[in-house]
Amino acid sequence: MRTLLVTGGAGFIGGNFVHLKMHQSAERIINLDKLTYAGNPDTLAEFRDHPRHVFIEGDIGNQALVGHLLREYQVDAVVNFAAESHVDRSIDGPAAFIETNVLGTFSLLDSAKAYWGELEAGRREAFRFLHVSTDEVYGSLGSSGKFTETTPYAPNSPYSASKAASDHLVRAWHHTYGLPVLTTNCSNNYGPYQFPEKLIPLMIAKGLAGEPLPIYGDGGNIRDWLYVEDHCRAIDRVLEAGRPGEVYNIGGDSERTNLEVVDTLCALLDEAKPSSPHRPHAQLKQFVTDRPGHDRRYAIDATKVQTELGWRPAESFESGLRRTLHWYLENQDWTQRVTDGSYRGERLGSA
Ligand code: NAD
């Protein structure tokens, strides 16, 4: 049985990756998560007593703990989702982003390198360290062009700068020490289990509550949206068939302005809740002061992962958004427990 050390697996994308793996593979998941505000044990409730899922509450920067987990469970691959991930929080308090995204990634790389160096030849060759990163490291685009794997880094926020630094460390651990790393840079994700501070779940929660829908600036900022399950399948593909030392850009070819995203959601909400007193939901839209340094446009050229590894997204933006809205409608208790803070009382296990 193959064993993966998944870090940040109680978060949005990591949690979805754990679901994918638990349902579609026979691999064992060692799930290391610090359970910051963004880590939600409710997301993993289904696997609480599952023999193939081991949850450990802990920090990727804890070398003694990580070293112990790698050896105790004879880990075959590390998939690093653990990060501070919210741009607005990085503007208000960048320290945690440097701590986890830069120093934490450094520490995790060093722990993995020491363990990898001890493996016998066959397992050493098969070992992988996959680092999950973002397209935000490339900065902002004008009205044309897309980010490729060779686009120069130009991060603009404390968040993207910290992720850029982590990507450079991962690259260096390959070139200097030979660690078989893979890096994925993905566009904006949406889907189930996303913390309701991010655009789409925030708009769903506010729309359902009949509260104003805050839109930064003129709403014209463009993101390239990808349904989270498609991202997780891409990560899985890169883990299986990606070439060590390579970078793979992942995107859904679904550029939308924030205003278009909110308008589509409002129409879906109108359709799902025909008797809502807030209908039409578009009347709840409210333009608010823009985020400082707000990147205007991101777009991914995913040709490499498509041609080399045969990955394609299964969902269009509209079908993925419909699935997402239905998930939030059917799981309002999940959002409720985040909103009232009770999700933080749950503990799955500890180290
Ligand atoms: P998230 O904030 O939802 O989850 C992050 C998880 O990491 C949480 O469970 C948190 O508790 C955990 N964590 C934080 N610090 C930790 C530490 N020091 N040790 C162990 N665990 C820790 O984030 P997400 O949206 O799921 O993003 C996951 C990764 O994907 C991040 O690296 C992010 O940069 C990247 N990414 C996100 C998006 C997106 O749209 N959300 C897009 C591209 C890339």
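**Helix α8 and its setting**

Reply: Helix α8 covers residues 228–241 and has 14 residues; from first C-alpha to last it reaches 20 Å, close to the 20 Å expected at 1.5 Å a residue (1.5 Å times one less than the number of residues). Helices (H or I, at least four residues) and strands (E, at least two) are DSSP runs, numbered from the N terminus. The model is predicted: local features need pLDDT of at least 70 and side-chain atom pairs pLDDT 80 or more, while totals for chains, interfaces and linings use all residues. Residue numbers start from 1 along each chain as its sequence is written.

The buried residues of α8 include an opening run, Val228, Glu229, Asp230, His231 and Cys232. Ala234, Ile235 and Val238 are buried as well. Buried here is 20 or more other C-beta atoms, placed from the backbone, within 10 Å of the residue's own; exposed is 12 or fewer, and partly exposed lies in between.

Across the protein chain, 46% of the 351 residues count as buried. The chain holds twelve helices, α8 among them, and 13 strands. Its radius of gyration is 20 Å, close to the globule rule's 20 Å for 351 residues, so the chain is as compact as a globular protein of that length (taken over C-alpha atoms; the rule is 2.2 Å times the number of residues to the power 0.38). Along the principal axes, the C-alpha atoms fill a box of roughly 65 × 45 × 40 Å.

One of the strands, β8 (residues 213–216), has Leu213 and Ile215 on its covered face, with Pro214 and Tyr216 on the uncovered one.
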